[in-house]
Amino acid sequence: MIRHYIKIGNTEHAFKNLFMDFYASQVLFARKLLSGEAHAQDIVQDIFIKVLESQTEFSNEIAFKSYLYISTRNACIDYLRRKNKILGDVSLLGNVEAEATEVMKEEAFYLLEQAITTLPAQSRRIFELTLQGLSIHDIAAELHISENTVKTLKQRAYKALRNRFGDFFMLIAFLFFQS
């Protein structure tokens, strides 16, 4: 029997609601990869059906979104490979990989920015200054607090983000620092 919900974290989300929330963004992503191809809707619908049928459980929303983006990217690449095999032109595939990576990075940045806003004000400011590349010494000087306070608040910020987003926080932070 097929269930009508998807488990994300400890919560069961109605499939209909998740479909309504994420379908449009995935279709836009697929259309971007396929250069406006009408098959984008079919590809995304197939992905949602597979998610529902597989009864996969996701540890958090980031894991769910990552799954959707990666599945959409892979399905678009497969579609283009089949199409280009028939047409004989595979030059488009390299651009699709780069485009998909860029869109997923943008989503990761957005999620990281959202996560940072959940931190207490001073921890958030320290984290933002860290992302700008300032050292603990420079942050302490700018905020007129001790270096130990900066270290403590920075550790608390990392811990809070890790607790909220799990292992995916480190992946998102890594992507953010690579830009």
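**Starting at the hairpin**

I began with a facing pair: Lys-7 sits opposite Glu-12, a residue of β2. I kept in mind that this is a predicted model.

Next I looked at how the two strands meet. β1 covers residues 5-8 and β2 covers residues 11-14; they run antiparallel, joined by four bridges. Together they make a hairpin with two residues between the strands. I checked the turn as well, and Gly-9 there has a positive phi of about 65°.

**The whole chain**

I then stepped back to list the elements. I counted eight helices and two strands, and in sequence order the pattern reads β-β-α-α-α-α-α-α-α-α.

For burial, I noted that 38% of the 179 residues count as buried. The accessible surface comes to about 10,600 Å², and carbon and sulfur atoms hold 53% of that. I also looked at contacts with a separation of 6 or more: 61% of them link residues 24 or more positions apart.

**The cores**

Which residues touch the most other members of the largest nonpolar core? This core has 27 residues, and my list for that reads Ile-6, Leu-34, Phe-48, Val-51, Phe-58, Phe-64 and Leu-68.

I asked where the core residues come from. β1, α1 (15-33), α2 (40-54) and α3 (61-87) each supply at least two, and α1 gives the largest share, with eight residues.

Leaving out residues up to four places away in sequence, Leu-68 touches Phe-22, Gln-26, Ile-47, Phe-48 and Val-51.

There is also a second, separate core of nine residues, including Leu-112, Phe-127, Leu-131 and Leu-161.

**Helix α5**

Phe-127 and Leu-131 sent me to α5, which spans residues 121-131. Which of its residues are buried? I wrote down Ser-123, Ile-126, Phe-127, Leu-129, Thr-130 and Leu-131. A reminder to myself: an α-helix has 3.6 residues a turn, so residues three or four places apart point the same way.

My last stop was just after α5, where Gly-133 takes a positive phi of about 95°.

Terms used. Residues are numbered from 1 along each chain as its sequence is written. This is a predicted model: local features need pLDDT of at least 70, side-chain atom pairs count only at pLDDT 80 or more; totals for chains, interfaces and linings use all residues. Side-chain values use heavy atoms; hydrogens and water are left out. Two strands pair if DSSP finds at least two bridges between them. Buried means under 20% relative accessible area, exposed over 50%, partly exposed in between (1.4 Å probe, protein chains only). Contact means heavy atoms within 4.5 Å. Accessible areas come from the Shrake-Rupley method with a 1.4 Å probe; for residues, only the protein chains shown count as cover. A nonpolar core is a set of buried Ala, Val, Leu, Ile, Met, Phe, Trp, Tyr and Cys residues joined through side-chain atoms within 4.5 Å.
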